[in-house]
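Dear colleague,

I am passing on the structure below, together with some notes on what came out of going through it. Please read the notes with the structure open beside them.

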Amino acid sequence: MKIDMQPAPAFLPAGQRIYAIGDIHGCAGQLADLHKQIEADLRVRPVADATLLHLGDYIDKGANSAGVLDLLACGAPVAGVRQTVNLIGNHEKLLIDALGGGAGAIADWLWCGGRATLQSWDLDSARPDIWQAGIPAAHHAFLGGLRHMHRAGGYVFVHAGVRPGIALEAQAEADLTGIRQPFLASEADFGAVVVHGHTAALAPVVRANRIGVDTGAWAGGVLSCVVLEEEHCGFLSAGE
């Protein structure tokens with residue numbers, strides 16, 4: 001396996017490498033495949049400081065959300081990385097709100113793909129009163145530990161994007177997990193190159209101010225991972 005590295009729009013300090021995986025949406029098999037590819041790359045190209053980063057939307061739509069959470073809840077799914085960072089996506093936020101019990105939040109989550117997630121837990125979509133107890137404790141703990149943002153070198157990692165004209169430290173949670181426009185169309189300098197998922201494309205998107213890594217794994221696409229190292233970037237795809 002050889003990663004085709006190209007000039008990147010930002011940088012990481014020497015000795016660091018980041019593997020950032022886009023929206024998973026229940027595609028546990030593809031996630032396991034990417035993890036194996038990352039382990040293989042680290043064996044061939046060891047580095048002092050490797051970070052594995054998941055950009056959110058672990059659940060919903062795809063068939064095996066529970067399997068995805070099983071892989072990630074262990075805390076260290078890939079040997080050889082120094083740290084694993086898991087960000088929150090809008091679908092995790094929808095689930096957390098639904099578990100709060102509001103009828104509107106429950107309806108929103110079910111409409112956005114929550115039924116597939118409940119099925120993976122073998123839970124009845126018509127029985128929200130039993131969801132809390134039916135979800136494994138390790139999955140609750142994982143969901144409760146998700147972060148909104150990670151910064152490294154010249155990059156900032158979020159699920160969806162940022163609002164132009166707002167400082168990174170002042171971004172609203174709703175934008176970090178749900179924005180599309182005006183972020184996607186913006187040519188502004190956001191203060192760091194934004195690495196994000198949330199908006200699916202046929203292939204990863206590299207712009208001067210952002211890198212998009214959602215390639216529609218649940219909808220017939222493949223799960224993608226951007227590899228960032230010094231002034232270069234490359235990509236891994238599940239199944240390759």
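How many helices and strands does the secondary structure of the protein chain come to? The chain has seven helices and 11 strands, where helices (H or I, at least four residues) and strands (E, at least two) are DSSP runs numbered from the N terminus. Before going further, please note that this is a predicted model, in which local features need pLDDT of at least 70 and side-chain atom pairs count only at pLDDT 80 or more, while totals for chains, interfaces and linings use all residues. Residues are numbered from 1 along each chain as its sequence is written, and side-chain values use heavy atoms, with hydrogens and water left out.

Along its principal axes, the C-alpha trace spans about 50 × 40 × 30 Å. Of the 240 residues, 51% count as buried, meaning under 20% relative accessible area with a 1.4 Å probe, protein chains only. Among contacts (heavy atoms within 4.5 Å) with a separation of 6 or more, 67% are between residues 24 or more positions apart.

Helix 2 (residues 65-73) and helix 6 (residues 137-144) pack at an angle of about 75°, with their axes 9 Å apart, the axes being lines fitted to C-alpha atoms over the stretch in contact and the angles running from 0 to 180 degrees between N-to-C directions. The two helices are therefore roughly perpendicular to each other, a term that covers 65 to 115 degrees. Helix 2 contributes Ala66, Leu69, Asp70, Leu72 and Ala73 to the contact, and helix 6 contributes Ala138, His139 and Phe142.

Some backbone details also deserve a check. The peptide bond from Gln181 to Pro182 is cis, with omega near 10°, and Pro182 is found in the loop between helix 7 (173-178) and strand 7 (193-196). His25, in the loop between strand 2 (16-21) and helix 1 (28-44), has a positive phi near 45° although it is a residue other than glycine, and it counts as buried at 3% relative accessibility. His198, in the loop between strand 7 and strand 8 (205-206), has a positive phi of about 80° and counts as buried at 7% relative accessibility.

Key: Parallel < 35°, antiparallel > 145°, perpendicular 65-115°, else oblique. Buried < 20%, exposed > 50% of the residue type's maximum accessible area, 1.4 Å probe, protein only.
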